[in-house]
Amino acid sequence: MAADSALLLSLVEEFVSGLQDSKAKDTAAGVKDGHFTVLQLVEALGLSLTSSQPHTRARGVQLLSEVLHECYGNLTEREVEVLIAFYENRLKDHYIITPPVLQGLRALTKCTVLPPGSAVSMLRSLFQDVHVQSLMLTERSCVYNMLINLMETREAELKGLGADFVFGFVQSMDGERDPRNLLLAFQIAKNIIHRGYDLGKFTEELFEVTSCYFPIDFTPPANDPHGITKEELIEALRAVLSGTPKFAEFLLPLIIEKLDSDVQSAKLDSLQTLTACLSQYEHKDVAEFLEGLWTSLRREVFQTSSERIESAGLAALTTLTSCLSRSVLNSDSEDSLSTFLDLVLKDCKHHLCEPDLKLVWPSAKLLQAACSASNRASHIITAAVMPSLIDQYSSRTQCSHRRTLLEVVVRFIQSVKTSQSSENEESVFSAFRESLCSMVFSALSETNSSLQITATSMLTSLAQQTGLLLDSDIELAVDHLTRLLLTEEDDRVSLAVVECAGALAALHPAAFITKLIPRLKTEMFTEPMDQDNNRVASEQYSHHAVRQRCLSALAAVSTQPSIVRESTPVLLEVLSSAHTGSVGFSVEEVVLACRSLQRIAEQVQDTEETGQCFHEVIIPRLLSLALQAALQGEGNSGRRSPLVEEVVLSAVVPVISTSCSRLQPTLAGQTASRAVSLFLDGDVSFLPDNSFPSHIQLLKKQQGDSWSQSQMVCLLMGCVCSLPRSVEVPQIDQLLSQLEEMSCTCSHPLSYTSAAKCFAGLVNKRSQGDSLDSLIQRTTKRVCSELDSTSSPVRTQAFTLMIWVAKALLLRYHPLSTALTDKLFSLLGDADLGAMAADGFSLLMSDSADVLNRGCHADVRIMYRQRFFSENSAKLVQGFNAAPQEKKPNYLKALSNIVNKLPKQVQITELPALLSLLLEALLCPDQGVQLSTLSCLEPVLINPPPALIQQLEALVSRLLALICSPKLSVRIASLRCIHALSRFPEHEILPFRARVLRALARPLDDKKRLVRSEAVQARGEWFLLGSPGGR
Amino acid sequence: LVSSGGLKMSGGTRLENANPVIFQRSGERLLTASEEDEDVHDPIDDREIFDILSINDPEHPLSLEELNVVEQVRVKVNDAESTVGVEFTPTIPHCSMATLIGLSIKVKLLRSLPDRFKIDVHITPGTHASEEAVNKQLADKERVAAALENSSLLEVVNQCLSTRNI
């Protein structure tokens, strides 16, 4: 003990007189470890605390405070009481002692054993003895933190102080200028308001002391280490100002005044704050300001200069209206909602009927914003405006006017949609039902395409409202839609019609089943006069277009199981007719039919019924058709089935994989095991039209290297690679070994690539363990030995398998991926495969559409790209430096393929290290490298890192060299980069101005318009640089 | 400044024109397959010149197109002969800013077209009181050059040519 107390005395001595700050830490450690107590520390400090020198006293208090800051948790209630009494007393001491005293008090506010009454006494002394705003920044922050701590733990006690607490706080923060402290002060103010502290007679003072910062105007200094943003301050202040209706009488006039401001951000902040506070207010809070608010909101929408302000204004109007709608009506008070809406209608309604329809849109938007606020508001407004809109629609003759009116009506219907709460409630528009229906059907019969398009969206909106469309209306609508679908050539119209049909079919499937689907089927299967050989091409084209629209409409309407049951057989019939040749469908049409099936599989609800439809009917049928086609062979003579075409098979794959990935896992597992037994054992028992020969061996080497059967492996991939990971694939070892064999020996590209992808897809989901590891090692060995023998005839095949397996492993962070990716790096120097290896990096880094993606439930770790990049970028740079000149482009291409796929944030941080390489890549003659480097650079140029600015000379001259590239896309990309350069700091780029302007004169006369337009924009910006009124 | 807003005089009555008639912007030019074909030569056409002229009115957040000052039918280009003619229509017959609008159009074309072009900018006949005088000024190379030496004039022109940022 004696040793300890000697140690303590020496620590105190060294801190107080020796001014060694680090001794505070040691002392605190001693207290924590129990070598001495706080009481002993106070005793040891005795002399310093009573010294006649204020500096010595300050130093003493500082030591105590710093120790308390570390050890406040170990104090007893009694100790705390004594310490508080001591500190309170020290507040009256010399001003130089105040900072450490405040630090000590702040530490004590964090104590859980704070004795009753001490919070109050602490604050009383604080408010009485300290003038907060004459303290330094950190001490002010200390005071705010004390308040925050006490508010967390001693709420009841502080509330006992009554309004004095609020007054003390108001005085403390009055005049605060530092944004960090303001955030704390706003937090305290927010707590005062939200936790129900008594504001007493200081409501206005609290409002004044906070609202003087409104609207916030703050731009963080460059390189601000504190990272406080204007948005944070805005949000914090808004929470205070909009927190209580008691502020309404002060806040609303302030907002009305600030809305007059010319500063856009102030307007926006005012509108958003208005929206925030109105959601807390009641009608009596706003009653006396209604006219002023309306005038301001109307002005902002009528004379808007930015969409953000307009939409903020409209949102505020909606909130204001719904605030008024919440009021409870009683007999003697006036109905403030209808008074207010009268005001709105008076100013807006007449604009809806002006002869030239000027200002129709701003007025309509305001009315719709009010209309969407509540049921009552929508009744009042629609009753006032709909009759005149409907009248005008029938009396106007100009198409553009009618379209405008129709659009206004549509928006009204849509605005009400959002406010209707219960479903069986009668629609606000019931009274206008008949007029609206006749309006929409007359518009659908017009020849003007924009009227037709607007009419379809009106039809969709009407259908969403309960009870507006009767069954007979739906039937009429289906007739119209069918007619437009079959006859209307305009793409925009048919797109709108298809979309509308989809929306209506989801609500009223019956009419689509009985009318639309049979009619579309008839149309698709009719062949126009095909005996006549000299059919005009345009007729052929238009028949193709009709089929195309029918196919996409069939997909769009198939969202309900009952429709899927009717529509998918039609699509399957297209495929089988195309296969047998009974009806002439082009390959393109067959592909579209597959796309429609895929879309249905993507959008349909996952129910038992739809699952059966896809797994029991559609997939077996697709496999059966493909197998029949494959067995007919490549058909050297005569016609061959479209189902052996690569484009068609590639379109079938996603139908199968989508069904297996998202519809009914159990049935998907069954589909997978059937597919496996078909491919491994030739089991065809589950296929319809079963007249297949007995010895089918789809995965074995075919006679005469026939590819029509081997390529079917892509369908196997669709079945087994997209299953949820919980579903087992049967006979997987045998399957994997046959797939490996096929991918290494087959000579048909689609076949060996699909086999490799299927292998990789299975490996990616295989569970971790020795069996997986030995499989990978075996495959790696085989692949590497083929690749190492330069005379091997199957090097390309081995390469393909390697890259897909590497991807499968890389995605799941499997450690054995490194062997394969290292092999890939080494191949960059290979004479034959070098260019392919460089392209391979793009495959590794991008998402593939049909396998190894999240949709297929593959094991994909987040940020695998960044990880791969950070582990390998050094290898790439080394490889580049070591490579002979003629091999360097491969390295650059690999680099740009990797960097291109990284998120922009990572690109920016990694760029400095790679800059010299990327600049080198701009000199590389390979246009692919140039293009991908330019596309890496462009986003980085928007916020240029300093490293880039140092290399400006090289950058500018290399970019300027590329604007005359023979390749269109390189010229465009380099001009975009030069455009982006114009936003660099002016003093850095001004020296290049004349040179860039001269160089940009040439692409102004480029033979391609796309290049010229980029050049015009870039040159325009460079002209403005350093010129008055420019930038 | 270049605004066609402000006050509009007609028949002796003063009408406020704070909300000028707004004309719909023609949509983006549709991209055709031949424009993406490396080997096809796309001639400079009227629409291309018209697109170059999407110039702002700094007082209104509206472009000259939206104010109907410049219309596509009044833009004529002949790529083979290297000539461009643009007619613009001040919305107010006495608009004192007509020269400035014309100057902005001329400067924009000078900056955006190859040297070989001869550029003619003038007022749509019959739409401005001092049509001839303005046309003469715009056609005079020396006077255009001199105007651009004037930094306050250049400042206004540049403001019109800055791309809009909202």
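The legends below describe close-up views of a predicted model.

**View 1. The contact between chain A and chain B.** In this predicted model, the contact draws on 26 residues from chain A and 35 residues from chain B. About 2,500 Å² of area is buried between the two chains, and carbon and sulfur atoms give 49% of that area. On the side of chain A, Lys1007(A), Lys1008(A) and Arg1009(A) lose the most area to chain B, and together these residues account for 25% of what that side buries.

**View 2. Salt bridges and polar contacts between the chains.** Six salt bridges are counted between chain A and chain B, one of which is formed by the side chains of Glu48(B) and Arg1012(A), with a distance of 2.7 Å from N to O. Between chain A and chain B there are also 18 residue pairs in polar contact, counted where both residues are at pLDDT 80 or more.

**View 3. The three-stranded sheet of chain B.** An open sheet in chain B is built from three strands in the order E5-E6-E7, with mixed pairing. Strand E5 (70–78) and strand E7 (118–123) of chain B stand at the edges, and because each has a single partner strand, one side of each is left without a neighbour in the sheet. On average, neighbouring strands of this sheet are turned by 15° against each other, with direction ignored.

**View 4. The pairing of E5(B) with E6(B).** Strand E6 of chain B, residues 83–88, pairs with E5(B) in the antiparallel sense over five bridges. Along this pairing, Lys76(B) stands opposite Gly85(B) of E6(B), Val75(B) has Val86(B) in E6(B) as its bridge partner, and Asn78(B) has Thr83(B) in E6(B) as its bridge partner. The hairpin of E5(B) and E6(B) has four residues between the strands, and in this hairpin Ser82(B) takes a positive phi near 55°.

**View 5. The pairing of E6(B) with E7(B), and the helices on the sheet.** E6(B) and E7(B) pair in the parallel sense over six bridges, and the bridge partner of Phe88(B) in E7(B) is Ile123(B). Helix H2 of chain B, residues 98–112, lies across E5, E6 and E7 of chain B and runs at about 160° to E7(B). Helix H3 of chain B, residues 131–139, packs on the sheet and touches E6 and E7 of chain B, its direction making about 160° with that of E7(B).

**View 6. Two backbone details in loops of chain A.** Most residues other than glycine have a negative phi, and most peptide bonds are trans. Phe214(A) and Pro215(A), however, are joined by a cis peptide bond, with omega at about -10°. Pro215(A) belongs to the loop between helix H12 (203–211) and helix H13 (230–241) of chain A. Leu852(A), although it is not a glycine, has a positive phi of about 55°, and Leu852(A) is found in the loop between helix H41 (834–845) and helix H42 (864–882) of chain A.

Key: Residues numbered from 1 in each chain as written. Chains lettered and ligands numbered in written order. Predicted model: local features only at pLDDT ≥ 70, side-chain atom pairs only at ≥ 80, totals over all residues. Heavy atoms only, no water. Contact = heavy atoms within 4.5 Å. Buried area = accessible area lost by both parts, 1.4 Å probe. Salt bridge = Lys/Arg side-chain N within 4 Å of Asp/Glu carboxyl O. Polar contact = N/O pair within 3.5 Å; in protein donor to acceptor, adjacent residues only side chain to side chain. Pairing = 2+ DSSP bridges. Axes fitted to C-alpha atoms, helices over the stretch in contact; angles between N-to-C directions.
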